[in-house]
Amino acid sequence: ALYVLSPGFVESSCHSRIFWMKLNKLLLQGKFFQLEINDPYAGPILLDEKLASRCGYVLSEDVWGNPVFRASVLGCHVANEADELFSLTLNIKVSSFSSMRAAVTYTYPMYCSYSSWASREIVCEENYMEVSVKTDVPAVSNDYTVAWMSALPETQNVAYQLWQLMFVSPSGRKRITVSDAAKLGYSFNNTLYRVYLRAPYHSNESDISMVNGVNMNMVTSTSMYRQRWLLLLIDTTVSCPVDGISFTDTTLTWTVPSVIPTLVVQESTFLSKKILMGIDDRVIVNPEERNYLLEHNKTHIRVTIPIGADGGKLKSSISDGVYGVIYSIDLFLEHTWTDADWQTTKYTLIKSITTPFMPQIPTVINNTLPEERLFNIAFGHFLPDVSLVAITIGNVPFTLREAQHHGFNIYETPFSNRTKGFILEVSFDDPYILKEYVNRNETKYTLLVNYTVSVGPEMALYYHSAEVECVIADIEIPEAVGFCDEENLYLAIPTFGMHQYWNLYLGNKLLNRHVALTSGYLAATNSTHLILQVPLFAVGVTYEEVSFQKIKARFAVALRKVRTMETLQMFSISCSFNSSAFISKLYNQSINKKTCVSFLDFITNSLIFSVCHPDGTVTVSAQMKTVPAIDMSKTKLRDSSCKPREYNEGHAFFKFHVTTCGTSVRFEGDHIIYENEIFYEKETLPGQSTPKITRDPDYRLTVLCYYRAKETLVLGGFAGDPSTSSSFGSGTMIPRSNIAVNRRIRQALNVVSRVSKDESFMEFYEPNVAILKQPVEPVFLEMELKDKSPDTELFLENCWVTGSLDFNSTPRWNITEDG
């Protein structure tokens, strides 16, 4: 049956005496095919690899995957008319089954006209080398269409006996008949005007030699024709390059020798006439227009092609889990020269070149739009044969359909150099975005994505993960509002972000409901704020000033980050209260001695209101009601030189340091207790008659201050010089004894100081590292006494900063004075 080929199924041409045929792979999808040589005498002959190299055929694919068939016009089963007109008929068998059953056969004839033969023509094909030489000897056969592979008539056998081949190789000389040469894979014959020899690469009779850095496969042979009085010797030597390909990251280069010594005996007579290059079966007239580079000199012909250039094909590939590309291109060179031995030689080379695997690690381009709270990332660059098939956000996989349905925006975008990428858009507020509170008022949004792409026609899967971060200042640090009434201090603090980003701390204690209740606070919340009501004498209230007229009290809580405990903000309220109003109320109240408001002591008709400040200063407001009234100006502390700073008829106000005025110290558990007394010595009062009236015993009121032995006290200071504090200090060493008057011995102590990064005293600056502080910033200084003596205590009097370790260096900046 005769079947008509579909339009576009086959393309054919004839270039440089080579049949060129290409099948369209799109019309062969899902099909199997075979090629047969249709010989009118021998019938259909299936094309296989052995037949191809011996008969001058090539069956391969072009860079686009289309099947390609090439044949020499001097090949087997080619009809030859006077060495000018050539024809070859193929059977193209197509089947849906690999066994080729139920195949449809298409007959396809090809024609080639070629008359401009050179004296010697050499073809270097992918699987064979062919040399043909002009001669006037008789033809081997009167019928050129009869294949030499078929059974030969007796007359042809006789004719063949007239030809012999002489091979010269490193192993020596070998003289064989044409029929024996055919058994070794060679093909020899003659036409009306020419003799040709076709040889496989790397045969036993061949040799490898290097010419100008290029390895050449060479078969040195002489064809001999003997008939009675005639002996004809024809040089049928052929030599073709087997390498000469090199690559860089951006180019491929094909290099062949300009002059091949085995083909040009008299190099001085060599003259290059014309060099052509082409792609597939097309000659490139102006290579430079395509960015191709064709160079030649006395030693080399060089073709340089940019990787990815037109005419070739870039193909995606996966190697060991790495994405990359491979570039392929089909080139040919045609070099025509003359020399004294041969009038003209036409030298044709056909080469399919494929680069090694070139890794192309994809990149993720971050085009995130913080102002729109939108991640926008581009994933590329990929060739058109790559498709995105799935993504994983966090640990959750999505197909593209599922991703679009969830709300992710995914689309392709073209890039330069005919590549493409994949855009992914994800909102910062998507539940699969990781959110972390960082710095002071910023959130770090993190998109974790894993791409799955399908690569090439093989649909190999490639995976690539990426992590994209964006930090934006989108958290507002809350601001507290404070106010007071007659007896309480109040703080109103916004609750947004509480416990999620930050917590409230009272000193180093987390301010929760339990701490608030046990501290005597009242806590109330609404939809926006937490309101703390703090009584004047509750835990955590500090007293900045105590006098007859007023009590200046301050309450502060710290806003700290949940994870790092870093203090971001101090919320405080400071108010002044009427002293007399409070002192009168204290007669009917009982105050917990564990509070920060030092200690309150009640005595019949007497009241002491004392405040123990963190720096060791004690303020005491004493109210004494006696009859007759006591002269408050005559009250004093243990050290009789310590008298009240203010007084009136019923009150006396004292202010002193725990290291003065005869204050004693003792340790109870984890507390240091300082004790002093307010004295009013017994006094003889005048009476109407003897005996005299006396006040007995002496009037005494006890003042106690409790300090935690291991508590760190925070003092503010100014740093004028950006340097660390020295690792030693000076102070006063007081031996504990029962002697009424203590001697003070001034000497150098083994004291180590460290500077903390904040008031938590959890993280310290490294030694010998400059610390930069603004003049209004506090310095958190820790002093530690290293002496082991149990009779030694540390009292910090003066602390200063200097520019050197010398005690007497100037200038100096005081941090604390008098403790």
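V389, L461 and Y463 together make up a nonpolar surface patch with about 280 Å² of accessible area. A patch gathers residues with over 30% relative accessible area and no salt bridge, and nonpolar side chains (Val, Leu, Ile, Met, Phe, Trp, Tyr) are joined within 5 Å, like charges within 9 Å. A salt bridge would be a side-chain nitrogen of Lys or Arg within 4 Å of a carboxyl oxygen of Asp or Glu, and accessible areas come from the Shrake-Rupley method with a 1.4 Å probe, where for residues only the protein chains shown count as cover.

The model is predicted: local features need pLDDT of at least 70, side-chain atom pairs count only at pLDDT 80 or more, and totals for chains, interfaces and linings use all residues. Residues are numbered from 1 along each chain as its sequence is written, and side-chain values use heavy atoms, leaving out hydrogens and water.

Strands are DSSP runs of E with at least two residues, numbered from the N terminus. V389 is partly exposed, at 35% relative accessible area; buried means under 20%, exposed over 50%, and partly exposed in between (1.4 Å probe, protein chains only).

The backbone holds some details to look for as well. The peptide bond from G380 to H381 is cis, with omega near 0°, and H381 belongs to strand β31 (residues 374–382).

M100 lies between β8 (85–95) and β9 (104–113) and is buried, at 13% relative accessibility. M459 lies between β37 (442–455) and β38 (460–472) and is exposed, with a relative accessible area of 58%.

Technical notes: Helix = DSSP H or I, 4+ residues; strand = E, 2+ residues; numbered from the N terminus.
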